[in-house]
Amino acid sequence: MMQQSHLKTLFVDSDTGFYKVNRYEIGKAWGPVDLGIHLSKKYDSLNIGTGLLAGSIFPGSNRLIFSGFSPCWHGFFISSMGGAGLIFDNLGINMLSIVGKANTPSILYLNRNHGEEIEVEIVPVRLRKTWEEGKKGVYALMQQALDIFGDRYENDPRVIATGPASLYTDFGAIGSAPIRKGEITHADCWAGRGGFGSKMLQQHGIAAIIYGGTFADEDFRDRNVADTWFQDRYQMKLSAKDMEATTKYRYDPSFNTGGTFGVNYATIKDNIIAFNYRTIYWTDEERNKLHQDFIVNHYLKQFNEETIEKKQQKTCGEPCAAVCKKLNGEFKKDYEPYQTMGPLCGIFDQRAAELVNMKADSLGFDAISVGGVLAWLMECLYEGYIKPEELGVQDKPIFTIENFDVVEDSMFNANIAMELLDEMVKPESRINLIEGARKYARNLARNKDKRILDIFIYNAYARHGWIVPNQYWTPGVLSPMSIMGKYYMNYGKEFIEPRELGRENARRMIKELMIDNLGICRFHRAWAEDLIPDIIDKLFGNKEGFLKSIELTASRIHSRNASIFWEAERNADYIQTFIEKRLRQGDNSEITKLWANKFKTNKNEAALEFWYEIHKGAHEVLREF
Ligand code: SF4
């Protein structure tokens, strides 16, 4: 049994610089999510914390979890960042809760150097000037924080930082990269979803946080004992089971590739999504051809040759056998950013995608959402719904496959995407996203052309909340759940009738919440979801209480579910074309046929019913009693 009995939370008021530590009994709260929702409701704070297993020998246990009310989703949200919890653990606290707002944008400095006290300083920074320096944006601010404060730390600290997207939009991300021997590495990690960069900067006046220390607490580090738990369950030691569980993210010999980019693109075939989802209207043969010609023979081939064969891979900062950060020099490649700022924008070449992704990262955008917005605006330009000069760009993109040159035309489209990105972060921008892309799209649709809204795929929440869905062609990603844009839903390729899909989403949400509340990386979920309750029981006791608290937290979050029925016609098309494809490809179940018929008879009515059925299924499971 561990000695730790409380979760220690450092409150920092960024207005006054006042700080204090509060303790919350373990059992009443278990981690950064359930404590986060409690604090968010009480103080509307930004909460940043680790799980109970941070610093332990369990691989993937050092995620840094961000929670609070999201400025873009407009509901409670959770986002996480790989490895950043390892250094946070050296502060000797479980959570940082930021309240108040600094008068000028500032860097928050936290250091626990051989003592009981954490040093806290809030230091103003010339933000716009800093963002223009060196590697620009988020990277420049990380460097500046390190330059100012780095020599005060005995061990390498970590910096989390925002970019211009956090100042000018509601979906700015928080970025960070591990620091090795005083140098910031290229393996950057992101709390991308939910706009917590915008929250930190706009609501609290904090542009970056540098933290670290020397504190060593009593973390579970007995490998022999852990091995016996794994042996009992899997007849394998911890490291062997973890190697097996993380194959996809390291290297999967069945596909001769690795990481989310490699494995997803190797297997996606005619589920490929490109040109702002226009491919859902293509034939299976056309999509298969696109996959073969542009992905397998080019985009993926480049990745395999440059990254996988050269073994350019790193971890997020914690010791982890998955080494999921796949690199090409300074460019880190994950599936979803290189999908939204790749094929979704009509870009199928690594050089072009690298430029757009790097620009979006240095500006500090939520990469998935900004890629979705770019692709949408590019189709609006292509269709002539909006003129290039109205968005501050020179040309219309090439959004058709006929005669598409995979290198040249990808770069042509990338240049337009980069012009759009630049426009989004100007003070008097023609693409004003300060209140989000949904409101912006709604205004354009009202004032110009309704079709503008109809081709923008997003999940809607309350009056203005929005998020671009995960990049899988399956109904789950458009579900009316209380948190969307991350994997609190089923995103498998099978057709699941919507009521059951809702139930399945809810069950997934509970599992994912459990590992988020423990700060565990979901790439280890193959054993973590299964074994974690027992590990908690052995280390802290009260497994039943732990499991109950997760269900309670899920129902608490769900009780605020203000999801809004799909506003874009293309959302409904996304579901309908998916169902029709399933039928064409041999799914003969009565339920699939039934829904295909409903959509064929009356698309809008079927979409509404489908949406509500998912909603009902989720409510059935996420009840407190
Ligand atoms: S799988 Fe990747 S993100 Fe997760 S702990 Fe390992 S290196 Fe970090």
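Student: How many bridges join E1 to strand E2, and which way do they run?
Tutor: Seven bridges join E1 to E2 (residues 19-25), and the strands run antiparallel. Strands here are DSSP runs of at least two residues, helices are H or I runs of at least four, and both are numbered from the N terminus. Two strands pair if DSSP finds at least two bridges between them. This is a predicted model: local features need pLDDT of at least 70, side-chain atom pairs count only at pLDDT 80 or more, and totals for chains, interfaces and linings use all residues. Residues are numbered from 1 along each chain as its sequence is written, and side-chain values use heavy atoms, with hydrogens and water left out.

Student: What is the bridge partner of Phe11 in E2?
Tutor: Lys20. The hairpin of E1 and E2 has five residues between the strands, and there Gly17 takes a positive phi near 80°.

Student: In what sense do E1 and strand E6 pair?
Tutor: Parallel, over five bridges, with E6 covering residues 95-99. Val12 stands opposite Ile98 in E6.

Student: Why is E1 largely enclosed?
Tutor: Six of the eight residues of E1 (residues 6-13) are buried, so the rest of the structure largely encloses this strand. Buried means under 20% relative accessible area, exposed over 50%, and partly exposed in between (1.4 Å probe, protein chains only).

Student: New topic. Where is Asn459 found?
Tutor: In strand E18, residues 459-461. Asn459 counts as buried because its relative accessibility is 3%.

Student: What does the side chain of Asn459 reach?
Tutor: The backbone oxygen of Val477, at 3.0 Å. Asn459 also touches several residues beyond four places away in sequence, including Trp73, Trp466 and Met484. Contact means heavy atoms within 4.5 Å.

Student: What order do the strands take in the sheet with E18?
Tutor: E19-E18-E20, in an open sheet of three strands with antiparallel pairing. Strand E19 (465-467) and strand E20 (563-564) are at the edges with a single partner strand each, so one side of each has no neighbour in the sheet.

Student: Over how many bridges do E18 and E19 pair?
Tutor: Three, in the antiparallel sense. Tyr461 has Gly465 in E19 as its bridge partner.

Student: Which helix lies across E18, E19 and E20?
Tutor: H16, residues 437-447, running at about 105° to E19. Axes are lines fitted to C-alpha atoms, for helices over the stretch in contact, and angles run from 0 to 180 degrees between N-to-C directions.

Student: Last one. Is Pro533 buried or exposed?
Tutor: Buried, because its relative accessibility is 8%. Pro533 sits in helix H19, residues 525-540. Lys543 is ten residues from Pro533 in sequence and 5.9 Å away in space, C-alpha to C-alpha.

Methods:
A polar contact is a pair of N or O atoms within 3.5 Å; within protein, one must be able to donate a hydrogen and the other to accept it, and residues adjacent in sequence count only if both atoms are side-chain atoms.
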